[in-house]
Amino acid sequence: MTVSQALIEFLAHQWTVDGDIRERTIPGVFGIFGHGNVAGIGQALKQANVEQPDLMPYYQARNEQAMVHQAVGYARMHRRRGTYAAAASVGPGAANMLTGAALATTNRLPALLLPSDTFATRVADPVLQQLEQPWDIGLQVSDAFRPLSRFFDRVQRPEQLYSIALAAMRVLTDPAETGAVTIALPEDVQAEALDVPVEFLQDREWHIRRPLPERGPLARAVAAIRGAKNPFIVAGGGVLYSGAEDHLRALVEATGIPVGTSQAGGGVLAWDHPQYLGGVGATGTLAANRLAAEADVIIGIGTRYSDFTTASRTAFQNPDVTFVNINVASFDAYKHGSQLPIIADAREALAELSIELEGYEVSREHSERIAREKAEWDATVDDAFAPSRLELPGQPEIIGAVQSSSAPKDVIVQAAGSLPGDLHKLWRVRDPLGYHVEYAFSCMGYEIAGGLGAKRGLLADGDDRDVIVMVGDGSYLMLNTELVTAVAEGIKLIVVLIQNHGYASIGHLSETVGSERFGTWYRSYDGEARNFQGDDVLPVDLAANARSYGLDVIEIEPGGSAIDDLKAAIATAKASDRSTFIHINSDPLIYAPDGAGWWDVPVPEVSTLESTQRAREEYLEQQANQKPLLG
């Protein structure tokens, strides 16, 4: 077999096992072919398609970055048990996957990347699209994947394939190590032949590790929690990836401990659960942030503790606060100087905590405080969703319309801009898989490709729930071509495009740091002022763009009935078996309710602009609440 043929057949026989669940680790390959891989991976996929069509299905994509985003969206829906491989050609094809690699690694979600390389023999150097560095001629574009990947290797000789492929699979299926896994494939080696051992091509199972908590750390954590007057749980994506939401619910119902979630943790509890206070941190709810600020013990479960989750280390203000941090990865368990790290699977740790904390409950006074804060925030969200009848509704009202028109199990997908923050505060999650906001890398352009990957993941499980992608015009313009992929395969997406005529999120941030929304509006260039700050809105028709791809398009006209029309459009889209694009204009200056979270974005120490001077004063006031360590 050639190296490519052997690799494709090897991948077809890899299985992930998680308890009673057994599924293919790599159910398919995305690929865009060029001279670097058309005669290698491309030929191998073609041969497999002719001889065994179900062995390793091939899927087209329109952008290499988007291939990786699809793999990540799929992995999220499958709780990291499966993902796709993404094959790209030499040079720009490989480089286009770099953003996707960083996104996968940052989110702790698996994706297998197969970038092509130039000739290992260097027989024809320099070839088309080859990177030439005089100080290191062997350095290639694929080397840029090294710092972005959890595993990287290059198959420079055919015999290296065996050890590299096995090592890659180990990392891909390890909860503590997973992320982007990159196998670079020189274009000549891809086509070289070798005698492949039968053992390499047989079915192989990779069992998900679920490490138990060690007794000593667990006992110390239990003692701290039992001594707490107002503990608080920060639940992250690790709870979902380990399938621990039922264990979390059992623990908080028995103890009364309130829960706030990171973006990745959205869905661990239903929005109306008595102990769930919503998102926590910079984009969190007022209810969650108030309780977190006063908590004497913070129990982090499966969270990376990013600056948004910690509100840039200002969220937890109790001077005597203690941190219990449960994570399958020691790197994350020890974050911010946590005093009581526990290296363990979230599900296993929660099961043990439920046993060890039997009989413990928060005080009735604290329980009443939790209920009161939750009720107040729920009323705040109701007000944000209330009909305004404005000609241009604000984003909160649009979110409310989509929420009320969606089904309980529908999946909302988002990644960047102002929407993640508003959704974190306002979206009422009703299903563990119903909230998919990529906010570790917060990559503009992820939404449509990631949503398509999420839908693939659902369909693979026979789940036909709808995937609703909400996206602003700025992010849409970054990467929208996978809509063509959805049309080509007949995969249904519902895309709600919020037209802000610019970057709504960064525009708002620009105001808070004193930059007065400079460069954030989509306007015609003013040659005299030398900026884009005028009133001449660009005549760009994104609805026409989506229609040109072959989607059904519903345009919501500005006016007092816009929200009613949006609800009707969602109903129409849900009733259809085709992808639907819904276009609605908004007022980007109408903001979601404040959650009292802060994000550290440095403001210049000196400036001639009064707006920047004022912003600096406000920045220093907030910075005074910042801690050097959380623990």
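Mentor: Let's settle some words before we look: a residue is buried under 20% relative accessible area, exposed over 50%, and partly exposed in between (1.4 Å probe, protein chains only). This is a predicted model, so local features need pLDDT of at least 70 and side-chain atom pairs count only at pLDDT 80 or more, while totals for chains, interfaces and linings use all residues. Residues are numbered from 1 along each chain as its sequence is written, and side-chain values use heavy atoms, with hydrogens and water left out.

Trainee: Thanks! How many helices and strands are there in the chain?

Mentor: Helices (H or I, at least four residues) and strands (E, at least two) are DSSP runs, numbered from the N terminus. Here the chain has 23 helices and 21 strands. Its radius of gyration, taken over C-alpha atoms, is 25 Å, close to the 25 Å that the globule rule (2.2 Å times the number of residues to the power 0.38) gives for 631 residues, so the chain is as compact as a globular protein of that length. The C-alpha trace spans about 70 × 70 × 55 Å along its principal axes.

Trainee: What percentage of the residues count as buried, and how much accessible surface does the chain have?

Mentor: Of the 631 residues, 59% count as buried. The accessible surface (Shrake-Rupley method with a 1.4 Å probe; for residues, only the protein chains shown count as cover) comes to about 24,500 Å², and 51% of that belongs to carbon and sulfur atoms. For contacts, meaning heavy atoms within 4.5 Å, take pairs at least 6 apart in sequence: 76% of them join residues at least 24 apart.

Trainee: Salt bridges next. How many does the structure hold?

Mentor: The criterion is a side-chain nitrogen of Lys or Arg within 4 Å of a carboxyl oxygen of Asp or Glu. The structure holds 37 of them. One is made by Glu 610 and Arg 614, at 3.9 Å from N to O. Both residues sit in helix α23 (residues 610-623), 4 residues apart, about one turn of the helix. Glu 610 is exposed at 58% relative accessible area, whereas Arg 614 is partly exposed at 48%. Elsewhere, salt bridges that share partners join Asp 18, Glu 23, Arg 81, Arg 210, Asp 345 and Arg 347 into one network.

Trainee: Which helix holds both Asp 246 and Arg 249?

Mentor: That is helix α10 (residues 245-255), where the two are 3 residues apart, about one turn of the helix.

Trainee: Which strands are joined to β18 by bridges?

Mentor: Strands pair if DSSP finds at least two bridges between them. Strand β16 (residues 411-414) runs parallel to β18 and is joined to it by 3 bridges, with Val 413 opposite Val 469. Strand β19 (residues 494-499) is also parallel to β18, with 5 bridges, and there Ile 494 stands opposite Ile 468.

Trainee: Now a loop residue: what is Thr 309 in contact with?

Mentor: Thr 309 sits in the loop between β13 (297-301) and β14 (322-327) and is buried, with a relative accessible area of 5%. Leaving aside neighbours within four places in sequence, its contacts include Val 234, Ser 262, Val 280 and Phe 316.

Trainee: Last one: which residues make the nonpolar surface patch of about 230 Å²?

Mentor: Patches are made of residues with over 30% relative accessible area and no salt bridge; like charges are joined within 9 Å, and nonpolar side chains (Val, Leu, Ile, Met, Phe, Trp, Tyr) within 5 Å. This patch is made by Leu 477, Leu 538 and Val 540. Leu 477 belongs to helix α18 (residues 473-478) and is partly exposed, at 43% relative accessibility.
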